Amino acid sequence: MLSRFATQSNFLRIVSAAMKNLIFSAEDIIDCLSDGVYVCDRERRIVYWSKAAERITGWKPEEVLGRACLDEILNHVDKDGHRLCGQEYCPLHRAMVTGIATKVPVIVFALCKNGDRVPTQVTTAPIFNESGEVIGGVETFRDVSPMLVDLERASKIQTQMLKQDLPADPRLRFSSFSMPYDIVGGDYFAIRQLDGDRYGFLIADMEGHGIASALYTMHLSILWNRHFLLLKNPAEFAEAINNELVKIFGDIVTFAAAICGVLDARTGELKFTGAGSPPPLIIHADWSIDTPKTAGALLGIMEDSRYTEQALELQVNDSILFFSDGAVEIQNAEDEFLGVMGLAQILQSLDYPQTPLEMSALEQRLLKFSNNIRLPDDITIIEARFFG
């Protein structure tokens, strides 16, 4: 096994170049950090392991140096339990392949020596030699266990808030799928039976994601319960929600993109109003597609904004999907956006609607398109299947 001094020399040489006038070594400084640091070479063998890395995980340097992090050492998984250690989804491997450092910290769960998993907030970056070639990668990670306790409680509260309880209706079936970017998310959705035939729905996507956006979804839940009966006229509902959000946001510059409407299970009539949201996607039984355009100002920007209502009639065996922009505003390595038609193509490749929509399968296809280790935003989808 390579010695600690020999194997970490590349990393220390790079850091030491900026510290020639200091009496401390780069290793001394790094080992004073509370964040764990480790370095891999291009073959993903660990060549440096800091004292904080040992403290957080229990792994000693002599137990990990020369081995790969996926070799029963860290075996990172994400918040949803997806295995990250491998080629495609490993944050450190991605940094070395792309030559790009992490822009936003990622929460992953690392395997400790005692078998427990510790939640860590991770950043990664490539290491270059004098010629500009990538010679390895560095990862810093922070134990976020105390923060995660509160986030997981908040997630349970949010999950309970988003729970839908609809009666069985042979004429119409709703399904909902939600996947937050973080432990909690900024998407809100609701579906409710308004009378014997009509069902109202709302998807609202708060600006950003994370804790602040999640707090605003609690306001949206209150407003939904206060005004949902107005959905018999979706434009009136949107105007009421908009005015309330303007007051709630006050001087804070933020907004929500939304789509709301009412669907008649007897006739198939759909009335809806858009507020800066993507258009719905209608998939007919013969796999022809309609994407009726939506128009309307974002919610919470300007008081007394006016909204318009659109109407159409679904055909028997039509499927219609409403979704937040996280499902379509995804860029690939060439900076091309997926868009609504790109989402439709992915759904067709999954044999939808003949095969029921599975969020895990859709997530994998979206990740493959994005060429990234995680999707960049919260995703919420409401699916309605009209049987007549």
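The structure is a predicted model. Its chain has 388 residues, and buried residues make up 51% of them. The secondary structure comes to eleven helices and 15 strands. Along its principal axes, the C-alpha trace spans about 75 × 45 × 40 Å. The accessible surface is about 18300 Å², and carbon and sulfur atoms account for 53% of that area. Contacts also show how the chain is folded back on itself in sequence terms: among contacts between residues at least 6 apart in sequence, 64% join residues at least 24 apart.

The interior may be considered next. In soluble globular proteins, nonpolar side chains tend to be buried together. Here the largest nonpolar core has 53 residues. The residues with the most contacts inside this core are Tyr 38, Ile 46, Trp 49, Phe 323, Leu 347, Leu 362 and Ile 381. Helix α10 supplies the largest share of the core, namely five residues. Apart from this core lies another one, of 46 residues, including Tyr 199, Leu 202, Ile 259 and Ala 265.

When its neighbours within four places in sequence are left aside, Ile 46 is in contact with Tyr 38, Val 39, Cys 40, Val 64, Leu 65, Gly 66, Arg 67, Cys 69 and Ile 73. One of these partners, Cys 40, is buried, with a relative accessible area of 2%. Cys 32, by contrast, has a relative accessibility of 68% and therefore counts as exposed, the cut-off being over 50%. The structure holds zero disulfides.

Helix α11 illustrates how a helix can have a buried side. It runs over residues 359-370, which makes twelve residues, and reaches 16 Å from its first C-alpha to its last, close to the 16 Å expected at 1.5 Å a residue. Its buried residues are Met 359, Leu 362, Glu 363, Leu 366, Leu 367 and Ser 370. Because these residues cover an arc of only 135° around the axis, they lie on the same side of α11. The spacing follows a general rule: an α-helix has 3.6 residues a turn, so residues three or four places apart point the same way. The buried residues of α11 pack against β6 (172-179), α10 (339-349) and β15 (379-386).

Helix α9 is covered in another manner. It comprises residues 234-249 and reaches 22 Å from its first C-alpha to its last, close to the 22 Å expected for its 16 residues at 1.5 Å a residue. Twelve of the 16 residues are buried, so α9 is largely enclosed by the rest of the structure. Among the buried residues are Phe 237, Ile 241, Leu 245 and Phe 249. The buried residues of α9 pack against β8 (198-206), α8, β9 (256-264) and β10 (269-275). After α9 comes Gly 250, whose phi is positive, near 55°.

Helix α8, one of the elements that α9 packs against, spans residues 211-227 and contains Leu 220. Leu 220 has a relative accessible area of 2% and is buried. Not counting residues up to four places away in sequence, Leu 220 touches Tyr 188, Ala 204, Met 206 and Leu 245. Of these, Leu 245 is also one of the buried residues in α9. The C-alpha atoms of Leu 220 and Thr 140 are separated by 37 Å, and the two residues are 80 residues apart along the chain.

Notes: Residues are numbered from 1 along each chain as its sequence is written. This is a predicted model: local features need pLDDT of at least 70, side-chain atom pairs count only at pLDDT 80 or more; totals for chains, interfaces and linings use all residues. Side-chain values use heavy atoms; hydrogens and water are left out. Helices (H or I, at least four residues) and strands (E, at least two) are DSSP runs, numbered from the N terminus. The expected span of a helix is 1.5 Å times one less than its number of residues. Buried means under 20% relative accessible area, exposed over 50%, partly exposed in between (1.4 Å probe, protein chains only). The arc is that of the directions from the helix axis to the C-beta atoms. Contact means heavy atoms within 4.5 Å. A nonpolar core is a set of buried Ala, Val, Leu, Ile, Met, Phe, Trp, Tyr and Cys residues joined through side-chain atoms within 4.5 Å. Accessible areas come from the Shrake-Rupley method with a 1.4 Å probe; for residues, only the protein chains shown count as cover. A disulfide is a pair of cysteine sulfur atoms within 2.5 Å.
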